[in-house]
Amino acid sequence: MTRRQLKRWALRSGFTLLLLSIVLFSVYPFYYAILTSFKSSSELFNVSYLISRLDFSNYGAVLSQDSFLQSFSNSVLVSTLTVVISLLFGLTAAYALGRVDFRGRGSVLLIVLAVSMFPQVAVLSGLFEVIRGLNLYNNPFGLVFSYTIFTLPFTVWVLTTFMRQLPKELEEAAIVDGATPLVVLFKVFVPLMWPAMATTGLLAFIAAWNEFLFALTFTLTDDQRTVPVAIAMISGGSAYELPWGIIMAASVLVTIPLVVLVLIFQRRIVSGLTAGAVKG
Amino acid sequence: MTQSSSELTVAATAAGVPYRRGRLVRQRVRMAWMFLIPMLILLAAVAGWPLLRTIWFSFTDASLGDTSGYNLIGFENYLVYEDGVWYGLLADPEWWNAVKNTLFFTVVSVSLETVLGLIVALSLNARFPLRGLVRAAILIPWAIPTIVSAKMWGWMLHDQFGIINHMLMGLGFIDTPLAWTANPDLSMWAVIMVDVWKTTPFMALLTLAALQMLPSDCYEAARVDGIHPIQVFFKVTLPLIAPALMVAIIFRVLDALRVFDLIFVLTSNSTATMSMSVYARQQLVEFQDVGYGSAASTVLFLIIALCTLAYLYLGRKRMGADA
């Protein structure tokens, strides 16, 4: 009996240890970034494991840079517009794909799925030409345009899956009442689709906020950059002397909005990720 | 939807008004295409046309400064034989080095992520207090922008002041600090470590979703028969979640094959870690050689297209099994 209890106790503490190491491994690097961001430049080179003193000079340095604030607002603008455009185009497409049966439906879904697999670098030179042709080079709207390549496919995919699950009686009643397709979509379906729209919108926002390759290639000047590029470009007096405190403060500022979003909408994001991948 | 519309037609024929129903259906199909066209045009402008242009550019000597003036040069960007020497992408050892790096990175990091993701998912599938909190914690690496994680780890792996060297020296594993990101023997492992940290949550969540859909009766039967948990895992759990796990692995493989930001920021243009995407972008933007860079992009696209076809094939097989 005691041996059995001992075994149980060992198993349970082993499991707790495993969980603790999972949490520590996941959270510690970000915690260490926060810790570093609160160090003055002289403390930076003493390794410590706990926050001892709050020094806000790095945050002051980041926030006093106009270019960083400009990048931050560019990121907000680009990510928000990307979400709006993907949802708008995604909703109309999902209505057609989810509610109407027509020849070619399967092919359209296949095309959408194929585009989501595109390596971004494969379209880089062609897209560069298109963006320059549209006069959108070094312009946040050019980024919004290019970001639809990865946000639109999964928006269409997830919204279509969701739209197909809604009962058809809703739509039939509205059509009998003489509603046009646009009215049906925006007055009948959209109010029911908030959960799916919130999920896809969040995923699109995070993807656009984090994107780097297009942002790096299609912008040129500091005032048009988004935050990932701005952080990658922070440099010190020489290549060997990066201002790590400032980089970490900027990183924390950029990541906090996302971490808050993720913690609030945890369930939603998980369901969106699994709907996008597993049901595909 | 297939079902409901065929029901509609059947109902229409039964009611004896095929003409009116037919017109309504046709009207509805036209409406569907009207609703699809904006999305299709956008996808064509942002993906289809640029892809065709990239492939076209790969047969030219275009440069980034002026993409309008160029000559068609056939397959010279890919492979050409001149004065007894092979030139072109397919004869460039640096390209093959990038291919080798990308494949090594993909195989090692996706395998590690699958195993670790499975362990995390199995732990999260058990009932314990604060489970929601642990699940939220593992989402954090996923939410952090790749650039930020590259910078964060770059600092943690710093050769003189990094905490990783400090820890390893404190524990007595190493005597002198290691130059994780600069040493060509270590830098690929540093990249893999950061990638595993960042994407294991994705694998874990997808695996967890599959685990939660498993029927409980198999487990009850196994328990009644007194089968060892490890045997249950390999004989029951793994075969049941294998299809979902396969889809998640292919997703990650496609993602890993196009890796760019992490490597670009963590180790910049070091040849020890250069991936196919980094190579293509370097040719295209830094050396302004659109033709050659496009050739590299095209080959990368072909590799990923092959993997996508494999995915679609598997997906169709799964859907067929479901139906």
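Tutor: B:D255 and B:R258 are paired in a salt bridge, with 3.0 Å between the closest N and O atoms; the term stands for a side-chain nitrogen of Lys or Arg within 4 Å of a carboxyl oxygen of Asp or Glu. B:D255 has a relative accessible area of 36% and so is partly exposed, where buried means under 20%, exposed over 50% and partly exposed in between, with a 1.4 Å probe and protein chains only. Through shared partners, salt bridges link B:E113, B:D195, B:R252, B:D255 and B:R258 into one network.

This is a predicted model, in which local features need pLDDT of at least 70 and side-chain atom pairs count only at pLDDT 80 or more, while totals for chains, interfaces and linings use all residues. Residues are numbered from 1 along each chain as its sequence is written, chains are lettered from A and ligands numbered from 1 in the order in which they are written, and side-chain values use heavy atoms, without hydrogens or water.

Over all chains, the search finds nine salt bridges. One of them pairs A:R99 with A:E171, the closest N and O atoms being 3.1 Å apart. A:R99 belongs to helix 3 (residues 66-99) of chain A and A:E171 to helix 7 (residues 168-176) of chain A, so the pair ties together parts 72 residues apart in sequence; helices, here, are DSSP runs of H or I with at least four residues, numbered from the N terminus. A:R99 counts as buried because its relative accessibility is 1%, and A:E171 is buried at 3%.

A:E171 also meets B:R28 in a salt bridge, 2.6 Å from N to O. Since B:R28 lies in helix 2 of chain B and A:E171 in helix 7 of chain A, this pair joins two chains. B:R28 is partly exposed, with a relative accessible area of 23%.

Across the interface of chain B and chain A, the rule finds two salt bridges. A:E129 and B:R53 form a salt bridge there, with the closest N and O atoms 2.7 Å apart. Helix 2 (residues 18-57) of chain B gives the most to the side of chain B that touches chain A, namely 21 residues. That side divides into 66 nonpolar, 16 polar and 10 charged residues (Ala, Val, Leu, Ile, Met, Phe, Trp, Tyr, Cys and Pro count as nonpolar, Asp, Glu, Lys and Arg as charged, and the others, Gly among them, as polar).

As for the extent of the interface, 92 residues of chain B are in contact with 97 residues of chain A, contact being heavy atoms within 4.5 Å. The two chains bury about 8600 Å² between them, 77% of it on carbon and sulfur atoms; buried area is the accessible area (1.4 Å probe) that two parts lose on being put together, summed over both.

Setting aside neighbours within four places in sequence, B:W142 is in contact with residues of both chains, including A:L203, A:I206, A:V262, B:P201 and B:F202.
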